[in-house]
Amino acid sequence: MPAEAKVPSSTARPAAQPASPPLTERQEARRRRILHASAQLAGRGGFDAVQMREVAESSQVALGTLYRYFPSKVHLLVATMQDQLEQLHRTLGKKPPAGRTAAERVAETLMRAFRALQREPHLADAMVRALTFADRSVSPEVDQVSRQTTAIILDATGIADPGPEQLAAVRVIEHTWHSALITWLSGRASIAQVRIDIETVCRLIDLTEPAASGDPGA
């Protein structure tokens, strides 16, 4: 693996594509067609149904062009997950969670995300499998998924300037949500079990609030 694969995600992409300008409006539209085709194919038949040639045909781009945007099916499906999370984030912005505490709001947010994936189980399975198969070459795309998930959780908490403990709690919540999704997709957890796990881990957020630790001796 090349040494630049270890460069932090914030610098990895520019190092790999030093002269790559932002996408033009036409290129962005093409990228969106590709992601839409990927989601549709995955929604119908899961991971195996997403074949690069079919994605190219459905999105009306040349196969070579598709590979320039996404070097592999795993790259494509991880990017599809990031796109789905972006759409969820926008929806949550229009209708924020209404829980009384940060923990309740985060739990509500993640269960809404879970229910959205539950409506498209084949798509959910394809995206999660892609994340599982992703190697270091897909690190920038995986990092984008993680950053988007973190942003969704932090928005739900309402914490404007999270400290180290709160960020650590967010990471644990993110890991638990991902694990719960995998166990549900594999048939090893019910919806009720997923909810219990999510609600339990989200309590970490309330425990890291300054007021929670500043009571004794105040």
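The legends below describe an overview and several close-up views of a predicted model.

Local features were taken where pLDDT is at least 70 and side-chain atom pairs where pLDDT is 80 or more, while totals for chains, interfaces and linings use all residues. Residues are numbered from 1 along each chain as its sequence is written, and side-chain values use heavy atoms, with hydrogens and water left out.

**Figure 1. Overview of the protein.** The protein has 11 helices and 0 strands; helices (H or I, at least four residues) and strands (E, at least two) are DSSP runs numbered from the N terminus. Of the 218 residues, 40% are buried, where buried means under 20% relative accessible area, exposed over 50%, and partly exposed in between (1.4 Å probe, protein chains only). The accessible surface comes to about 12,200 Å², and carbon and sulfur atoms hold 53% of that surface. Areas come from the Shrake-Rupley method with a 1.4 Å probe, and for residues only the protein chains shown count as cover. Among contacts (heavy atoms within 4.5 Å) between residues at least 6 apart in sequence, 72% join residues at least 24 apart.

Figure 2. The structure holds 3 aromatic pairs. Phe47 and Phe133 form one that is edge-to-face, 5.3 Å centre to centre with 80° between the planes. Rings of Phe, Tyr and Trp (its six-membered ring) pair if their centres lie within 6.5 Å; planes under 30 degrees apart count as stacked, over 60 as edge-to-face and the rest as tilted. Phe47 is buried at 9% relative accessible area, whereas Phe133 is partly exposed at 46%. The charged end of Lys73 sits over the ring of Phe47, 4.0 Å from its centre; the criterion is NZ of Lys or CZ of Arg within 6 Å of the ring centre and within 35 degrees of the ring normal.

**Figure 3. Surroundings of Ile153.** Ile153 belongs to helix α8 (residues 139–157) and is buried, with a relative accessible area of 1%. Leaving aside residues up to four places away in sequence, Ile153 touches Val106, Leu110, Val170, Ile173 and Glu174. Val106 is 47 residues from Ile153 in sequence, and their C-alpha atoms are 5.9 Å apart.

Figure 4. A search of the whole structure finds 4 salt bridges, each a side-chain nitrogen of Lys or Arg within 4 Å of a carboxyl oxygen of Asp or Glu. Arg112 and Glu108 meet in one of them (3.7 Å, N to O). Both residues lie in helix α6 (residues 102–118), 4 residues or about one turn apart. Arg112 counts as buried at 17% relative accessibility, and Glu108 is partly exposed at 27%. Arg195 forms a salt bridge with Glu199, with the closest N and O atoms 3.4 Å apart. These two residues are separated by about one helical turn because they are 4 residues apart in helix α10.

**Figure 5. Nonpolar surface patch.** Val172, Leu204 and Leu207 make a nonpolar patch of about 250 Å². Patches are made of residues with over 30% relative accessible area and no salt bridge; like charges are joined within 9 Å, and nonpolar side chains (Val, Leu, Ile, Met, Phe, Trp, Tyr) within 5 Å. Leu204 lies in helix α10 (residues 191–207).
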